[in-house]
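The sequence and the structure follow.

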Amino acid sequence: MSQFDSIRPYQDSEVKSTLKRLINDPEFTSTLIKFRFPRARGAFLALTSFALRQVLKFKVRNVTKVYDFQVMVERYMAHMVKTTTSQLSSSGLDHLDLSKPHLFISNHRDIALDPAFVNYILHNNGQDTVQIAIGDNLLTKPWVADMMRLNRSFIVKRSASAKREKLANLKELSAYIQHTLNKTGDHIWIAQREGRAKDGLDITNSALISMLALNKPKEQSFAEYISQLNIVPVSISYEFDPCDLAKANELVEQNEHGEYQKQEHEDIYSISRGIVGQKGQVHVHFAEPLSGEYESAKEVAEALDKAIIGNYQLMPTNWIALGDAIPEGIPANELANAKRYFEAKSRDVSAEVRSQLYAMYANPIKARQQLSE
């Protein structure tokens, strides 16, 4: 594994030193405090930071392995599910042979929660958690990198600008994924595209499939190599997206000015907003592994799109946003709740942002309709 030291998750031998580094990082402790007390400053911040460090030292005193850390995180995850979702459900796991490692490729709506919900459901079904692919653009702070790598995340290097370096990074990533599936035997989660689908359209980037195939032996066919990866399309559906207005504003900014300039550490704030915000119903569907005789990355991407879009669970918010005839069987109280949600969200925004907000919720239905044409 030494050849992958720059991107792999932390190992058991690194847990204690990483936790010590985290607890002694002033920015880490102050960030945690400001989640609870946004206006914390001066003496109050210093005092609560000191107290928090003592609490954290006590809480992690017996954490010596990655598994121990994940068990601790699971308690907070359970609390988040209880307080910010009305229901978390899943389907399709019973059709998978989880004794074999799988490459879960899902749509991408939330930076942290997409893989977290996959992990949580697997854990609650007696399975090991997945290794998570995370872009280095999110690791703008050392403590964020430490937290992610402690939680079994491996790094996707995206910051290189030179073509040769980019190719080398992609080859390293491809080799790591194959090594993890074939040698380590861990499941892996990766998003179907770089960046979240802010417009609600879940489209796989075929470059992802091309990257996966970079480590294919010359004598092996493309179709056989793809089959051995055990790719499972995963559809993650949210009734409410805590970052929806931020996404709508970003899209409008891009449409009007040709670009959107992110604020420093904006992705970190999006992670926080996604975790604490209300999500309503959340459903995760695991499709059967891809098994076709695919001849190109484009064909694999199309198969992923068909499975992910086709198994996306449409929510009352999707139907209210679309505004067309609503199917029978959706409870009236859920539709009324969705209407109130949009009324509250769009009360103080421009017509352009309001239109974009509705579009991102309506697009999963439109994509499903196009799929059946």
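In strand β4 (residues 153-156), Ser153 and Ile155 point one way and Phe154 and Val156 the other way, and all are buried (under 20% relative accessible area, 1.4 Å probe, protein chains only). The model is predicted: local features need pLDDT of at least 70, side-chain atom pairs count only at pLDDT 80 or more, and totals for chains, interfaces and linings use all residues. Residues are numbered from 1 along each chain as its sequence is written, and side-chain values use heavy atoms, without hydrogens and water.

Strands (E, at least two residues) and helices (H or I, at least four) are DSSP runs, numbered from the N terminus. From β3, the chain reaches β4 through helix α6 (residues 142-150) in a right-handed β-α-β crossover; with the strands pointing away from the viewer, the path from the first strand over the helix to the second runs clockwise.

The open sheet has seven strands in the order β1-β7-β6-β2-β5-β3-β4, with mixed pairing. Because β1 (85-91) and β4 stand at the edges with a single partner strand each, one side of each is left without a neighbour in the sheet. Strands pair if DSSP finds at least two bridges between them. Two of the pairs are tabulated below.

| Pair | Sense | Bridges | Bridge partners |
|---|---|---|---|
| β3 (residues 131-135) and β4 | parallel | four | isoleucine 134 and isoleucine 155 |
| β1 and β7 (residues 280-286) | parallel | six | serine 89 and histidine 283 |

Helix α7 (residues 163-184) packs on the sheet and touches β2 (103-106), β3, β4 and β5 (188-191), where contact means heavy atoms within 4.5 Å.

Key: Buried means under 20% relative accessible area, exposed over 50%, partly exposed in between (1.4 Å probe, protein chains only). Axes are lines fitted to C-alpha atoms, for helices over the stretch in contact, and angles run from 0 to 180 degrees between N-to-C directions.
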